[in-house]
Structure formats: structure tokens, C-alpha cells
Amino acid sequence: MHPATLTTRALGRALVARQLLAERARMTALEAVEHLVGLQAQAPKPPYFGLWSRLAGFRAEELAALLRERQVVRVSVMRGTVHLVSAADCLQLRPLTRVLYERILRTNYRERLAGADPAEIAEAGLSLLRQQPRSARELAVELGELWPTHDPQALSQAARALCDVVQIPPRGLWGRSGQPTYETIESWLGRPVSPEPSVERVVLRYLGAFGPASVMDAQTWSGLTRLGEVVERLRPQLRVFRSESGRELFDLPDAPRPDPELPLPARFVAEYDNLILSHADRTRVIDDAARRTIASRNGQVPGTILLDGRVRGMWKAEQPRRKAATLTVTPFGRRLTGDEEQAVAVEGERLLRFAVHGGEEDDTPGAEEYTVGFAAPAGL
């Protein structure tokens, strides 16, 4: 019996639904972070907007409290990038993805670290961080004293790549600022990373949040290689489909696969959101031409807009005054229709209110100004 074929539209509906973007979910922020297997978090604010788009009644303070209470952490895991994950997931994901950072170090810092033993750098870094939290600059200064003939910035990068560390608050708190400060995972969470992390369990959770997906999709999301072997071990407990191009896709048997005609609302997707970063074939939600439009040489990923389950533009919010905020929407390829602009404007004003108040009620006097504007379409 041949596997059933899933259309690109069907795959898109499945992804949007599992990403909690078909309708706002009634779950806690911690439950959502775990369901999504984390949110990419190079910048502090995107995870807040990511959860606002996904959860009913989300307040920024709910996530900030989880950071302060050490129930979620900012840690470098999938794809060599900072993610916001639950404490429990941190202990599983960090040892699985540590190999990515070792690879990055060998590729990008070999010459700058020539003659220095990476294991010794890691041990020195751990010793310093066990004494007290330190910034990247502080690590560079102190490690530079131990290896005076080497680039201090490279030494600091090596220590942060090889040591199991998290970025601690106030970094990542809503309405706060500050450079990343690092502490060991064991010190911050009170327990070490798992000595036997389960890559099989992580792949299953990936499928639950991003499937149906191919082996290459899972490798793109995680940054890990040789996941084909893992999927083969899991095959007896998975459903198998094919994409329209013939690629084999895997899924959890009971995972939701909505009707391809399921109506979907306008949604604002946060900067760096995993929705558009976690598949090798991303055409289920974004055309290749649109991907080129949002591509950036320095790795920045703008906020995007979903209409009918597909990326149709990008957005940028600014707050020139305390009670004023503006949102600029740039559609891709064509102007939005009147109905599309109306849907985007309504959702956009809600986003601006969240940007200003963080989901809290505001009873202070004074008029508020929220402006949603539409720029000329970006050429595709």
C-alpha cells in the first residue's frame, strides 16, 4: 500500500494548527513553550510576541515570571541559536545539541584558537562561572589573562560554546534590558544536564509541533545530522505520507491534520519564529520568493504576517511615545485586498496594545494612539 500524498496546502494547515496559530490556545505559557519545544530567542522580545499570537489572554508578565522563577531559560540549543525553553527541556536539549557548538568552534575559530586546548578553555570557563555569573566581556578579559597570546573574544566564545550555560535575567525580561550574563546550567537549575538524553523523544516532539515532516526537515530544525537512523528506529510507531514532490514524510498517528480548506485568521508571527525556520522545505507556509525577500546577510528574520495560512508580508512595530505605537505592514508581491487589510489592521491594533501594555489592563488617564499603516509591496 502506497503512503497517502499530502498537498502543500494540507501540510500548511497542519503546521499552522500545531503551532497554535489556527486559533489561540487556552494553555499556560509554560505548556505552550514545551509544546513548541521552545521559541527561538536571539532578541529578548520575540518570544513574548510569539506567545501572544498563540495564547488566549497571554500576559508578558506570565513569561517574565517563568524566567525569574527558573522554569524557563534562555540557552543555546537547536541550530546553534539561542532558544527559550523549559528547564526540563534544557536538560535534554543542551547535551544533544552541544555537538553543534563544537562543530561551529572548529569551523569558525580554528585559527584564532590555534595552540590552545579547547578542553582546557572549557574547564577554565566553568571554573570562572561557578564562582559567579559573568558577561561575555568579563569572560574574555579573564580568559585572556590565562591565554595572553590568543584572541580574548575567541576564548570567550569557546567557553560559552563548550560549557553548558544559560543567559540569566534580567536578560529576556519584558521591559528590561542588559547584555547577556551567563551562569552554568547546573548552578542555575540546581541539577546537571541529562547524561542520557533521548534523541528519539525529541524527534517525536518535533513531529508533534511541526509535522508531518521529513528527515531533512527534522535535521534543519535541530541542526543535528544522521536523524535518518533515528527515524528508522521510530518508523513502526509513525504514520508515513508523501509530499507532492514525492518526499517521504513522517508523523505521529493521532496528531491533528486539519481539512485543507480550514479557514484561518490573520496572524502576526514574531521575529525569528520557528514557524518559518524549522523545515528544509518551507513552501508549506512561505514561497521561495518570499524567503528571499526576508533573507538577511546578518541572520535577522523579520516579523511576518500569515493570511490564509501563508506568509504574505512582514511587519515592524515602533513606539515613539509612551501611549503611542505604530505598525508598518509590508505585503509581498501585491497590495492586500480590502478584506485582507481590514483583518490585518484589526489584529495589528491588538498587537500594538500588547506591545504597549504587555497584555495588562491600563487604567492610567490619557489618550492612546495606535496606527497601522501599509507600505508599498516588496518586490518578489
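Modeller: In this predicted model, Glu349 and Arg353 lie 4 residues apart in helix H14 (residues 338–357), so about one helical turn separates them. Their side chains meet in a salt bridge, with 3.3 Å from N to O. Glu349 is partly exposed, with a relative accessible area of 34%, and Arg353 is also partly exposed, at 40%. As a general principle, side chains of opposite charge can pair when their charged atoms come close.

Other pairs link separate parts of the chain. Arg18 and Asp251 form a salt bridge of 2.6 Å, N to O. Arg18 belongs to helix H1 (residues 8–18) and Asp251 to strand E9 (residues 248–251), and the two are 233 residues apart. Both Arg18 and Asp251 are buried.

A further salt bridge joins Asp164 to Arg94, whose closest N and O atoms are 2.9 Å apart. Asp164 sits in the loop between H8 and strand E6 (165–167), whereas Arg94 is in helix H5 (residues 87–108); the pair therefore ties together parts that are 70 residues apart in sequence. Asp164 counts as buried because its relative accessibility is 17%, which is under the 20% limit. Arg94 is buried as well, with a relative accessible area of 2%.

Salt bridges may also be joined into a network, as they are for Arg9, Arg13, Glu261 and Asp308. For the structure as a whole, the count comes to 26 salt bridges.

Key: Residues numbered from 1 in each chain as written. Predicted model: local features only at pLDDT ≥ 70, side-chain atom pairs only at ≥ 80, totals over all residues. Heavy atoms only, no water. Salt bridge = Lys/Arg side-chain N within 4 Å of Asp/Glu carboxyl O. Buried < 20%, exposed > 50% of the residue type's maximum accessible area, 1.4 Å probe, protein only.
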